[in-house]
Amino acid sequence: MAISAKGMAITGIDDRRYWNWVSTEESRFHTVAFLQQIWWFEVDGVVKFPLPADIYTLSFRLHLGRFSKRLGRRVSSFEHTHGWDIKPVTFELSTSDGQLASCEHYLDDTEQDYDNGNHKRGCWIDYKVGEFIVNDSEPVTEVRFSVKQIDCTHSKGGLCVDSVFIIPTDLKEHKRKGMLK
């Protein structure tokens, strides 16, 4: 399951001084939210769905920097990218039956991102929030998720928000190991 940025509540999204919608072929939804600059960063979402019994992984798909195509080639601009190395962002998920998961990440870290084999700037990164278990598809499972950095001591900008993925954990592991294409 994939939830578009347009399906989430994004603080300040209606103010073009802070956010813009950017068309791209790099998203399955063909549009991502680009943050120019803001002090209070918060993206929230909720989904209610009768998920089959399984263990699921929830992750956010984010990109530092603004990208475009020039002469048919993909280029990234980091002109507005700032503030993500000062304090970490907090990722959270909760389910209607009381399961909770949270983690923190510095989004702009010039260290090598060993899990993904690349540097974080200019690449789409799937930030794993956590896992949750569905024991039965009835009743409908409600999953709430968020990413936020609400410390107003500094501004931050230059981030694209694409989507949230909810994927069966074993499917994600098979894909990582190359069993699925």
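The largest cavity is lined by Leu62, His63, Leu64, Leu107, Lys120, Ile125, Tyr127 and Leu159. A cavity here is a set of points, on a 1 Å grid over the protein atoms alone, where a 1.4 Å probe fits but cannot get out, and lining residues have an atom within 4 Å of a point.

Before going on, the source. This is a predicted model, in which local features need pLDDT of at least 70 and side-chain atom pairs count only at pLDDT 80 or more, while totals for chains, interfaces and linings use all residues. Residues are numbered from 1 along each chain as its sequence is written, and side-chain values use heavy atoms, with hydrogens and water left out.

Back to the cavity. The search of the whole structure finds 1 cavity of 30 Å³ or more. The largest cavity holds about 40 Å³ of space, the volume being the space filled by probe spheres set on the points. Strand β6 (54-64) gives the most to the lining, with 3 residues, and β11 (124-134) also supplies at least two. Strands are DSSP runs of E, at least two residues long, numbered from the N terminus. By class, the lining has 6 nonpolar, 1 polar and 1 charged residues.

Now the salt bridges. There are 8 in the whole structure, each a side-chain nitrogen of Lys or Arg within 4 Å of a carboxyl oxygen of Asp or Glu. Lys148 and Glu42 meet in one of them, at 3.5 Å from N to O. That pair links distant parts of the chain, with Lys148 in β12 (residues 141-149) and Glu42 in β5, 106 residues apart. Are these two buried or exposed? Lys148 counts as buried because its relative accessibility is 19%, and Glu42 is buried too, at 15%. The cut-offs are under 20% relative accessible area for buried, over 50% for exposed, and partly exposed in between, with a 1.4 Å probe and protein chains only.

Arg17 and Asp15 form another salt bridge, with the closest N and O atoms 2.4 Å apart. Arg17 counts as exposed, at 60%, whereas Asp15 is partly exposed, at 21%.

Last, the surface. Trp39, Trp40 and Ile150 form a nonpolar patch with about 300 Å² of accessible area together. Patch residues have over 30% relative accessible area and no salt bridge, and nonpolar side chains are joined within 5 Å. Areas come from the Shrake-Rupley method with a 1.4 Å probe. Trp40 sits in the loop between β4 (31-35) and β5 (41-49), and is partly exposed, at 37%.

Notes
Patch = residues over 30% accessible without salt bridge, like charges linked within 9 Å, V, L, I, M, F, W, Y side chains within 5 Å. Helix = DSSP H or I, 4+ residues; strand = E, 2+ residues; numbered from the N terminus. 1 Å grid on protein atoms, 1.4 Å probe; cavity = no way out; pocket = protein on both sides within 12 Å on 5 of 7 lines; lining within 4 Å. Nonpolar A, V, L, I, M, F, W, Y, C, P; charged D, E, K, R; others polar.
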